[in-house]
Amino acid sequence: MKKTTGTDRSITRSWRPATQAVRGGTWRSEHGETSEALFLSSGFTYDDAQTVADRFTGEAQGMTYSRLQNPTVAMLEERIALLEGADACRAQASGMAAMTTALLCQLSAGDHIVGARAAFGSCRWLLDSLLPRFGIETSVIDATDSAAWEAAIRPNTKVFFFETPANPTLDVVDLEYVCGLARAHGITSVVDNAFATSALQRPLDFGADVVAYSATKLMDGQGRVLAGAVCGSDQFINEVLLPFQRNTGPNLSPFNAWVVLKGLETLDLRARRQSENALAVGRFVESRMDQAGGLIMHPGLPSHPQHDLALRQMAMTGPIFAFDVGSRARAFAVLDALELVDISNNIGDARSLLCHPASTTHANMGDEARAEMGITEGMLRINIGLEDPLDVIDDLARAFDRAGI
Ligand SMILES: *Cc1c(COP(=O)(O)O)cnc(C)c1O
């Protein structure tokens, strides 16, 4: 493997994000292929015994086994790190493998973690169910309330963990304040950046320590594979995360890494176009919600309580928003009347997808936790894709009419 172009890291590191998205981290084999090669190999062979011995001690660079390193996965890791402005990145098999790895690699019994109460259902399960089983104390707070972060700090607090914008309520968290507070107390901030990706928001620029991803969402962007990634300093990734990952094996398959590499080539285009489309559709939904007395949660609209903050820390506000049509019956009536938008709980896809969080992604957390998070029975969460937004608006208008909204 060699790099036929881009061998000078001082130059490749200075490329701008749109360039990194198509070229960052590319390695080429002796064939000089244009597109990244897919190395579907679990193991590697060696010319002699000393070579493999040197690789296992770390004295020589090179592949040994795909749980430890794989060329296709390594290309994806380097590309994501470059896009994120991080020293290093490691890819995992899914977003939840990434979140679990990012937390368990650094927490021990007796430590304390503060997490945002509005979060992806499985992220809440880590805080509410998994970590306490291993003697890790957890506090769950309203992440939009800056004073709540400070009030939650204990002498044994090790980690702050939150999403922004959050799934599915679109809460926006003040990255600069919360990550700065973490730094001042020697706490590691872990930001789940799945809703935005580096194309729209770079948490490290605002002082975050670790950025964790479901790459299943906007990074793949075409609804094909599960993938995850964790980015951070060389010290965190290589000394804290890597020993955990290499020995527990939540690794990404080379095939899925290759699919996400192809997805990244168009990430910037998709994230921007989908954000534009989501604003157009959001303005329409807001006008219908105003007439019907419903609410809309869209960080790109001035009606969102943290609209100004969203514009300060995001280049654009992303493809996802939520709205409340008043009851489960009306929400189901809207879903059942769709002709173009699909009923689906995925997000970040090039297709527009609508889902009812209370009966799907956040069904298993219990009524009380749902109410506390602000997930109502009438809430619908939409991902706006790359279709013409006028067709999506027509479809929603027809569905609202049929549902009597
Ligand atoms: C989807 C999602 C996850 C989990 O990712 P998977 O790839 O489905 O495991 C975690 N956090 C957020 C914010 C998500 O949207």
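A: Contact here means heavy atoms within 4.5 Å, and helices are DSSP runs (H or I, at least four residues; strands are E, at least two), numbered from the N terminus. The model is predicted, so to speak with care: local features need pLDDT of at least 70, side-chain atom pairs pLDDT 80 or more, while totals for chains, interfaces and linings use all residues. Residues count from 1 along each chain as its sequence is written, and side-chain values use heavy atoms, without hydrogens or water.

Let's pick α9. Its F236, L241, F244 and Q245 meet T101, A102 and L104 of α5. That contact has 5 nonpolar residues, 2 polar and no charged (Ala, Val, Leu, Ile, Met, Phe, Trp, Tyr, Cys and Pro are nonpolar; Asp, Glu, Lys and Arg charged; the others, Gly among them, polar). The axes of α5 (residues 95–104) and α9 (residues 234–248), which are lines fitted to C-alpha atoms over the stretch in contact, come within 9 Å and cross at roughly 115 degrees. That makes α5 roughly perpendicular to α9, a label for angles of 65 to 115 degrees on a scale from 0 to 180 between N-to-C directions.

Others supplying at least two residues each are α3 (49–57), α4 (71–84) and β1 (88–92). By class, that lining splits into 11 nonpolar, 6 polar and 10 charged residues.

Key. Parallel < 35°, antiparallel > 145°, perpendicular 65-115°, else oblique.
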